[in-house]
Amino acid sequence: MKKRYERNTGTISSRDQRHLKEKRVCVIGCGGLGGGVMENLVRIGVGHITAVDGDVFDETNLNRQVLSNESNIGKSKSEEAAKQMKLINSDVEVTPVNDFICRENICEVISGHDVVVDALDSAETRKLTEAACEEKNIPLVHGAIAGWSGQVAVVMPGDRLLEKIYAEDEKKGEECQTGNPSFTPAVISAIEAAETIKLLTGKSEILHGRMLMIDLLNHIYETIDFGE
């Protein structure tokens, strides 16, 4: 095992570390959540990441998105993600998909991955992703943020959890309505990454059948049971 992973020891076994190198994770969304998720996965040693986003960086991203900086405004989020992740860990294969998820491409994009991570800001696209993950039999790690609050859950094929929690008229871009400081996506993306690693290494203590709700303003942390 490389020296770079020494500090994983005790949390990640040598066997799991070797297995992580062979795993494939698709991160849909390269903004506040997606950037944080990818950095955590790349640093811990997941071998293959697909970074999906059709958007470009904007000045408004600078307050919270770890992949954004003053020199890459106007550049592709997915391509910048691939470039920056390579600087962190050159052993990791990062494939950028410079496109937005839609019914026509979702199954092709997620096919062949061990886990899909929801780093989206649209309820409609989240539900589309959940349905595709069910069709392809791939676990989905869901995360969402709004202001001081966030939530994380693991959606296994057939759960249809996002159909239950998002109403049909849910609007896109919750963060545009509530705002988002830098710390909320940092916290939620870290938990999404932890759940992803637990799935990849076969840990049983995942957020399946339940959702972790976090209110950073009032320090309220609760788990809602949806049943398995």
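This is a predicted model: local features need pLDDT of at least 70, side-chain atom pairs count only at pLDDT 80 or more; totals for chains, interfaces and linings use all residues.

Residues are numbered from 1 along each chain as its sequence is written, and side-chain values use heavy atoms, leaving out hydrogens and water.

**Cysteines.** How many disulfides are there? The count is 0, taking a disulfide as a pair of cysteine sulfur atoms within 2.5 Å. Select Cys 30: its nearest cysteine sulfur belongs to Cys 26, 9.2 Å away. Cys 30 is buried, at 0% relative accessibility (buried means under 20% relative accessible area, with a 1.4 Å probe and protein chains only). Now pick Cys 133: the nearest cysteine sulfur is again that of Cys 26, 8.1 Å away. Cys 133 counts as buried because its relative accessibility is 2%.

**Helix α3.** Next, select residues 77-88, the 12 residues of α3 (a helix is a DSSP run of H or I, at least four residues; a strand is a run of E, at least two; both are numbered from the N terminus). Colour its buried residues, including Ala 81, Met 85 and Ile 88. What do they pack against? Look for α2 (32-44), β2 (48-52) and β3 (93-97), with contact meaning heavy atoms within 4.5 Å.

Key
Buried means under 20% relative accessible area, exposed over 50%, partly exposed in between (1.4 Å probe, protein chains only). The expected span of a helix is 1.5 Å times one less than its number of residues.
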